[in-house]
Amino acid sequence: MTVSGKANRKPVNLALQGGGAHGAFTWGVLDYLLEDGRLEIAGVSGTSAGAMNAVALADGMMRGGPDGAREALHGFWEAVSTAARLSPLQRPIIDVLLGNWSLDRSPAYLWLDLLGRVASPYDINPLNLNPLRDLLESSIDFDKVRDCTAFRLFLSATNVETGRVKVFERKELTVDMVLASACLPFLFQAVEIDGIPYWDGGYMGNPVLFPLYDNDLPDDIVIVQINPVERKGVPRTARAILDRMNEITFNASLLRDFRAIDFVRRLLAEGKLDAGHYSDIKIHILTEEALNPLGASSKLNAEWAFLTHLRDIGRASAERWMERVWPDIGQRSSVDIRDYYQG
């Protein structure tokens, strides 16, 4: 059901996680929300693949509103797939036949995984070639992104030298800032901006929430989560252990944010904080258990069939989520965030 008319819409902020090709799930979520029309996007915080979705969203909104944003997101992910057609990172035929989306048996992936444990990008890519640069430059008009006033936009990266998070805002955004937000240090050299080296923003915020606490923005934050917080069982293989360590690392900052939000909420409820100066942030999480079985290697799978599969999962998840959560938006959190940070 689509609600037309601005008076019927509810303003929210979006917080978009990173996760490589799994960011196509977020594409599907955004595609449905833009089509549905009941939510008004006031602010967006994105990291890594979330940052790429965010700039495509801003570019498209300037080109043609929600419909233009949907076209821009489709065009960006189609360009991702096209650029990856000649990549050696392809599924072996047995996995194609079995419908297995991971690259765990791909010789190129196994070689890259092993090489990344013994050599750095400075050794194996001394010219610092990054295919994402050409992709972003050809797909995204950054002049339009910087001029976009449809919503406030924040991208995050991690300062390599200090370990602190750096937030880049819309008016200053460049290709380098998006690349910094998506710079995995085992794959790419650190991205330097004004002489400061940056790595993936997911290490310090996946994504950062604090820019969305501004008084000019709504109190509702919708987190599009593509990295599971909880995963049953103990990983046994070296690769599975490393994958789970990465999931925990990339969710740690988000859980800290949840703890801080819950702490402020309790102080407000007890009358120990001035409600005129502190907001009761309302958290909503849009996630999908169908993503959990996908191995970490599938984050490097950019086949069009896989990306559209994730898009379709994202659209279906967003539709179910909207019907369940719509009454809560603007009124209360739709999740108990204490369940997330207390294990």
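**Strand pairing and helix packing**

A: Thr-158 stands opposite Val-165 in strand 4. This is a predicted model, in which local features need pLDDT of at least 70, side-chain atom pairs count only at pLDDT 80 or more, and totals for chains, interfaces and linings use all residues. Residues are numbered from 1 along each chain as its sequence is written, and side-chain values use heavy atoms, with hydrogens and water left out.

Q: How many bridges join strand 3 to strand 4, and in which sense do they run?
A: Two strands pair if DSSP finds at least two bridges between them; strands (E, at least two residues) and helices (H or I, at least four) are DSSP runs, numbered from the N terminus. Here 5 bridges join strand 3 to strand 4 (residues 165-169), and the two run antiparallel. Their hairpin has 5 residues between the strands, and Gly-163 takes a positive phi near 75 degrees there.

Q: Which residue of strand 6 is the bridge partner of Thr-158?
A: The partner is Trp-199. Strand 3 and strand 6 (residues 196-200) pair in the antiparallel sense over 3 bridges. By contrast, strand 2 (residues 39-46) and strand 3 run parallel, joined by 4 bridges.

Q: Why is strand 3 described as largely enclosed?
A: Buried means under 20% relative accessible area, exposed over 50%, partly exposed in between (1.4 Å probe, protein chains only). In strand 3 (residues 152-159), 7 of the 8 residues are buried, so the rest of the structure largely encloses this strand.

Q: At what angle do helix 1 and helix 10 pack?
A: Axes are lines fitted to C-alpha atoms, for helices over the stretch in contact, and angles run from 0 to 180 degrees between N-to-C directions. Helix 1 (residues 23-36) and helix 10 (residues 304-325) pack at about 45 degrees, with axes 6 Å apart.
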